[in-house]
Amino acid sequence: TIPFIGPETFEREVGRVFKARVGANESAFGISPKARQAMVDAVDSVGWYNDPENYDLRLALAQQYNVSVDEVGVAGGIDDLLGLVVRAFLEPGQVTVASAGSYLTYHYHIAGFDAVSHTVPYRNDRNDLDALIDAVHKTGSRLVYLSTPDNPTGTWHTAAEQQTFIDALPENCICILDEAYFEFAPEDAVLPIHPHDPRVIRMRTFSKAHGMAGARVGYAIAHPEIVTSFDKIRLHFNVNRIAQIGALASLGDQVFIRWVVDQVRAGRAEYETLGCDLDLPTLPSATNFVAFDCGTPERAQHIHDALIERSVFVRKPAVPPLDRLVRVTVGAPEERAVFAEVLREVC
């Protein structure tokens, strides 16, 4: 299972740099000026080890969400957290449930620990919550994974739908709620933190709206016993000193985050118009990317490959029924212009 092939790999293969890097859902709008300055200042102390407890960042997150600091765990991105969950809660041969075509890194960890991924197909380009619940009960799964807003489609479920889904889970099943894109979601699509179900592990990141994907900082909000279980097995110097300091400063700059969300909203509207012009309708999106519907897997593959050949980095899901889509990050205005020009040429 290959979780991700970076754009640098493609650049090395073809011997040129992408003109538009709009395939990895990275932020095209930079980082908070406060975070930038804090990280520059922190360089002088990089000779010191980072705080292995990530305490200052955990405390700030706990205050922001009105939870105990013991309910917050910090790791090297959601990818790291997913590995900790699989390692903590699955034995070899045990089953976990997720949508077919959902975030590949989760399935990568499951395969790595010799557990079993049981998947159900998307329905109408959304996670099929009823089918996921049915699969959990039939397989006796201890873990179920749900991304909302979803990657790779950009679609979402309301908070009420999420709560109904969680309420239907068996008492011994833990729900991994991947909220990497929650800052971009409508207000009614974000499940309230309170009351917090002890069976739910909420995962969030500084990689998207905060623009710090390369710093590798993610966090989980969960029951204290679950956070403690992570502490038993995680690498204790997992988030470097400069990243911790930058994330803390970025968390305090909500004005910048709102600006990024506004920029992304404008870019999604541009993509929607572009898709209408080219007979490539876009799926509704509550993320920093948009999925263009190419109609068939063959056409999607052709468009994807042609864009890559013309130095525009995009991604395409591989699993039906999502394999007819091409996923494109909302880039900066100049990147969007390059993408639009090349896509028109390809079409």
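Is Phe18 buried or exposed, and what is its relative accessible area? In the predicted model examined here, Phe18 counts as buried because its relative accessible area is 10%, which falls under the 20% limit for burial.

A search of the whole structure returns 12 aromatic pairs, and in one of them the ring centres of Phe18 and Phe313 are 5.3 Å apart with the planes at 35°, so that the pair is classed as tilted. Since Phe18 is located in the loop between α1 (7-14) and β1 (20-21) whereas Phe313 belongs to strand β10, this pair ties together parts of the chain that are 295 residues apart in sequence. Phe313 is likewise a buried residue, its relative accessible area being 0%. Together with Phe10, the residues Phe18 and Phe313 make up one aromatic cluster.

A tilted arrangement is also found for Phe256 and Trp259, whose ring centres are separated by 5.9 Å and whose planes meet at 35°. Here the two partners are 3 residues apart in helix α10 (residues 254-277), and therefore about one helical turn separates them. Phe256 is buried, at a relative accessible area of 10%, while Trp259, with a value of 40%, is partly exposed. Aromatic rings also take part in contacts with charged groups: Arg204 is placed over the face of Phe182, at 3.7 Å from the ring centre, and the charged end of Arg327 lies over the ring of Phe289, 5.5 Å from its centre.

Side chains of opposite charge can pair when their charged atoms come close. In the model, 15 salt bridges were counted. One of these joins Asp125 to Arg324, with 2.7 Å between the closest N and O atoms; the pair links distant parts of the chain, given that Asp125 is in the loop between β4 (116-120) and α6 (129-139) and Arg324 in the loop between β10 (312-313) and β11 (325-329), 199 residues apart. Both members of this pair, Asp125 and Arg324, are buried. A salt bridge between Glu179 and Arg202, in which the closest N and O atoms are 2.9 Å apart, connects the loop between β6 (174-178) and β7 (200-205), where Glu179 is found, with strand β7, which holds Arg202, across 23 residues. Glu179 and Arg202 are buried as well.

Arg199 and Asp197 form a further salt bridge, with an N to O distance of 2.9 Å. Arg199 counts as buried because its relative accessibility is 11%, and Asp197 counts as buried because its value is 18%. Glu8, Arg21 and Glu26, in turn, are joined in a network of salt bridges.

With regard to nonpolar packing, the largest core comprises 58 residues, and those with the most contacts inside it are Tyr106, Ile201, Phe230, Leu307 and Phe339. When neighbours within four places in sequence are left aside, Phe230 contacts Leu81, Leu84, Val85, Phe89, Ile201 and Ala220. Another core, of 24 residues, lies apart from it and includes Ala42, Val74, Ala215 and Ile221.

Helix α6 has buried residues at Leu129, Leu132, Ile133, Ala135 and Val136. These residues cover an arc of only 160° around the axis, and they are therefore on the same side of α6. The buried residues of α6 pack against β3 (95-99), β4, β5 (143-147) and α7 (159-167), whereas the face turned away from the buried side carries the exposed residues Asp130 and Lys138. Just after the helix, Gly140 adopts a positive phi of about 70°.

Most residues other than glycine have a negative phi, and most peptide bonds are trans. Against this background, the peptide bond from Thr148 to Pro149 is cis, with omega near -5°, and Pro149 is situated in the loop between β5 and α7. A cis peptide bond also joins His194 and Pro195, where omega is about -5°; Pro195 is part of the loop between β6 and β7. Positive phi values were computed for Asp279, near 60°, and for Ser311, near 70°. Asp279, in the loop between α10 and β9 (289-293), is exposed, with a relative accessible area of 57%. Ser311, in the loop between α11 (297-309) and β10, counts as buried because its relative accessibility is 6%.

Conventions. Residues are numbered from 1 along each chain as its sequence is written. This is a predicted model: local features need pLDDT of at least 70, side-chain atom pairs count only at pLDDT 80 or more; totals for chains, interfaces and linings use all residues. Side-chain values use heavy atoms; hydrogens and water are left out. A salt bridge is a side-chain nitrogen of Lys or Arg within 4 Å of a carboxyl oxygen of Asp or Glu. Helices (H or I, at least four residues) and strands (E, at least two) are DSSP runs, numbered from the N terminus. Buried means under 20% relative accessible area, exposed over 50%, partly exposed in between (1.4 Å probe, protein chains only). A nonpolar core is a set of buried Ala, Val, Leu, Ile, Met, Phe, Trp, Tyr and Cys residues joined through side-chain atoms within 4.5 Å. Contact means heavy atoms within 4.5 Å. The arc is that of the directions from the helix axis to the C-beta atoms. Rings of Phe, Tyr and Trp (its six-membered ring) pair if their centres lie within 6.5 Å; planes under 30 degrees apart count as stacked, over 60 as edge-to-face and the rest as tilted. A charge sits over a ring if NZ of Lys or CZ of Arg is within 6 Å of the ring centre and within 35 degrees of the ring normal.
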